[in-house]
Structure formats: C-alpha cells, structure tokens
Amino acid sequence: MKKVLIITYYWPPSGGSGVQRWMYFAKYLPNFDIEPIVLTVRPDYASYKFIDKSFESKTEGIKVFKTKSNEPFNLYSKLIGKSKSDAIPQAFTGESDPNLIQKFSRFVRGNFFIPDARIGWVNYAYHEAVKIIQDEKIDLIITTGPPHSSHLIGLKLRSKYNLKWIADFRDPWTELFYNKLFYRTRFANAKDRKLEERVLNSADKVITIGPTLATILEKKIVKEGKTNSNVEFIYNGYDQEIFKDLVRTQINEKFTICHLGILSDNQPIDGFIDAMKLLIDKNDSLANPIKIQLVGKIAPGILKRIHELDGKIELDLLEYMPHKLAMQQIMNADLLFNSLAEVPNGKYLISGKLIEYIATGNPILCLGSPDGDAAELLEQFPDSKVIDRKNSGEVYTLIQKVYTNWIEKKYPNTQKSLIEKYSRYSSTIKLSKIINGLLN
C-alpha cells in the first residue's frame, strides 16, 4: 500500500467547511490501496473558529500526528477581551467597521505574518514531518491551504527529500479576497507573490476546487519543464454516507427557504431581500406563509437587512450545529439559498455547501456570477440557478416559481446518477488517479 503524508492545519475536532475536503479524502483513500497519514496541529494550540466533534467519527483508523504551534490569536483575543474562537475573524464577519486595535492587528497580520497568521505552525510541523517520513517510509507529500503557510512546509520538505509533492489550493493565495483588508505594504505583497510562485513551480502537481481557479493558478507556472497540465481541479463533494440514509422528515406547513453557514459583509443579499418584498406584495399577504431559516453566523449588516422582513414572514435564526443535523435541515427545506462572496474575479467560487445543497435534490437559489463555475454546475439541476445579486427581478421569478410549485405540491425530480458524480467518493477516485500517476 502506498503511503501519503497529508499536511493540513484543519482537522477534527475543527468544524466548518475547511476541514472536510481532506477529512473525506483520507477516509476513502484506503479503498484505492493508498494509506493516508495526517500531520496537523494540536487542538489546544490551534486557532479554530468552529468545533464539531461529530467529525471525529469520520477519522477513526487514520494515523494522525499532532504538533504545537505559535498562534498570534492568543494575544489578539486578550487585547480585544474575547475568547480565542470569538477573536478569529471569519471573512471579517462582525468587523465591517474595525476599531483602532482591530486596524492595527490587521496591519500586523498582513505585514508581519506572511502568508498568514498560522505561520507559527511551520517549523513545528516540518520537524515532525521529517520524523514521519523516515519512520513511515512516506511515498508522497500533500499540503493543503488555506492556511497557505502549510505549503511552506512542503517547500522545506522538498528541499530535503526527493519525494513527489501535491499542493492543494482550496482558495486562491495572493488573490484571497480578504487580503485587501490587511493594509499591506508593497514589500509584503511582493513577498507573498514570491512565496506563491515558489510553491506553484516546485510542486509536482497542483490541485484546486474548480476550473476557473485552476486557470488562474496555471498562468503562474513559469518554471522551465512545468506545463499547465500540472494543475487539475477536483470539486469538493458531499458525503454519500450521510445522504444515503437522509430523507425528508417533514412536509413544511410554511414554505421554507434555508441558508446554511456564514453570511458575511462580503456576501450582500440585497437582491434577495428586494425579491422577497416583491413576493410578499404580489401574493395577497402570503396566504401560504413563508419561513426563512438561517443556520450559522450572520454579519450584523446582513442581519439588519433580513430583519426588514420581520412581521411579514417568519425568521428562524439558528447557531452553528453539528454537520449531520445541518444536512437534515437542508434536506427538509423547500428552497436552498446561497450568496457567494462578492470579490474580484469571483467566477472561481464554489462554496462547499453548494455541492451539499445539490445532494438534497432541492431547488437552489445562489447569488453570484451568472457565468462562473457555480453557475455552470447548477445549470444541470432543475429550478436551480446562479443569479446576479443585483438582479432582484430574476431572483423573484425563481422564488415565485419554486413557491408556486410548493403550493401545488410539485417537487423536482433530479436523477440520482447526476448527483452521485459529486460525492466525496467520486472525488477521491480522481485524487487516487493523480497520486498513482505521480508514483507509477
């Protein structure tokens, strides 16, 4: 059995979407005669925004090594008087109007912690990786970011060992949308670009989450002997083990629109709110009532807009919940709502939850780029669409159509085989082929 060392900062008990990609890859790789060995950070040293202990059952039987780390969030949390988890910004939700301390911390983060604030993990992880490679006879190394500082561990290992290396980009590096909030100097930006270039041109294979980001990364590979075929994309998937036993457990008395996960200031929903107001006006005070269910962290500015609908429809605001319970929530919904981040070159965005939405077979309304990767993905599915966030008229038309179908008890019928293409198992098949291609 081939052995691969997966170096990932996010690992259970960390919650959220960042942990799931490699948690599931590691779960299914043994089916393809590949043994995953994981190197991660100790939870008591880590800076996790969310904890989800339900994920730990997914990693049983996987060999995991954990190290210490130096985390600046410890000091930052003391400065602002919050717990460490509350101090960690999530797309800067809740920091749309930063105070002086927050501005200073952003400047320090952007100019002294390059590429990111988890840089303090690199040396600990490198020294542990050296031991693992020697003791476990590792055949291939995989690093995944964010945090992109994880790739620097791969660079250090590459200079020491003649091992194949896959660098996985779950998000862009220098184009990451919140970099603009760090008040970076030209020197800091140049250093960041140089590190990214070194990783891209040193790794044997670069993988990412969709076609547009793959194209962005391809253009940065300039080293002689490297070609654009060094970059491939593997979609994030859904866990078929959860969904095979998951069925709708209720017929809603109120038409239920559900959003799962973060809604930050970078994800404006003005078009959705305006469309909902129009729906209310055109449907006789909603003889058939509507409920909006939000599961996760909502930025104050977004929440203010949502509350404009108070008294006209029911609002159900829920905090973060374990993953399986969250999947049941979206399975029971009548329309699933998503708003992709409003960022430059945002065509690459495909949120992890969007593919979990697809797994339910329910209609999907997504605000974002109508010609981006997510739009291409959703056009295969009935009553599902990515719509420009400013086009409230088109948003209204889709909601009205799904709402009318719900009243008439007409439900979409999505082919199971089409959905199964986006399972975590199917994604791991593609990854296993890439690994075998490098090692054979």
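Me: Where does the charged end of Lys156 sit?
Reply: In this predicted model, the charged end of Lys156 is placed over the ring of Tyr126, 4.6 Å from the ring centre.

Me: And the charged end of Lys430, which ring does that one sit over?
Reply: The ring of Phe233, with 4.6 Å to its centre.

Me: Ok, rings then. How many aromatic pairs does a search of the whole structure find?
Reply: The search gives 16 aromatic pairs. One of them is Tyr9 with Tyr48: the ring centres are 6.1 Å apart and the planes stand at 85°, so this pair counts as edge-to-face.

Me: Which parts does that pair tie together?
Reply: Tyr9 is in the loop between strand 1 and helix 1, while Tyr48 is in the loop between strand 2 and strand 3, so the pair joins parts 39 residues apart in sequence.

Me: Are Tyr9 and Tyr48 buried or exposed?
Reply: Tyr9 and Tyr48 are both buried. Ring pairs also link them with Tyr10 and Trp121 into a cluster.

Me: What about Phe381 and Tyr422, how are their planes set?
Reply: Their planes are at 65° and the centres 6.4 Å apart, so that pair is edge-to-face. Phe381 belongs to the loop between helix 14 (373-378) and strand 13 (385-387), and Tyr422 to the loop between helix 16 (416-420) and helix 17 (424-439), so parts 41 residues apart in sequence are tied together. Phe381 is buried, as is Tyr422.

Me: How many bridges between strand 1 and strand 4?
Reply: Strand 1 (residues 2-7) and strand 4 (residues 140-145) pair over 4 bridges, in the parallel sense. Ile7 is opposite Thr143 of strand 4.

Me: Last one, helix 13. How many of its residues are buried?
Reply: In helix 13 (residues 352-360), 8 of the 9 residues are buried, among them Lys353, Glu356 and Tyr357. Just after the helix, Gly361 has a positive phi of about 80°.

Definitions and conventions
Residues are numbered from 1 along each chain as its sequence is written. This is a predicted model: local features need pLDDT of at least 70, side-chain atom pairs count only at pLDDT 80 or more; totals for chains, interfaces and linings use all residues. Side-chain values use heavy atoms; hydrogens and water are left out. Two strands pair if DSSP finds at least two bridges between them. Helices (H or I, at least four residues) and strands (E, at least two) are DSSP runs, numbered from the N terminus. Buried means under 20% relative accessible area, exposed over 50%, partly exposed in between (1.4 Å probe, protein chains only). Rings of Phe, Tyr and Trp (its six-membered ring) pair if their centres lie within 6.5 Å; planes under 30 degrees apart count as stacked, over 60 as edge-to-face and the rest as tilted. A charge sits over a ring if NZ of Lys or CZ of Arg is within 6 Å of the ring centre and within 35 degrees of the ring normal.
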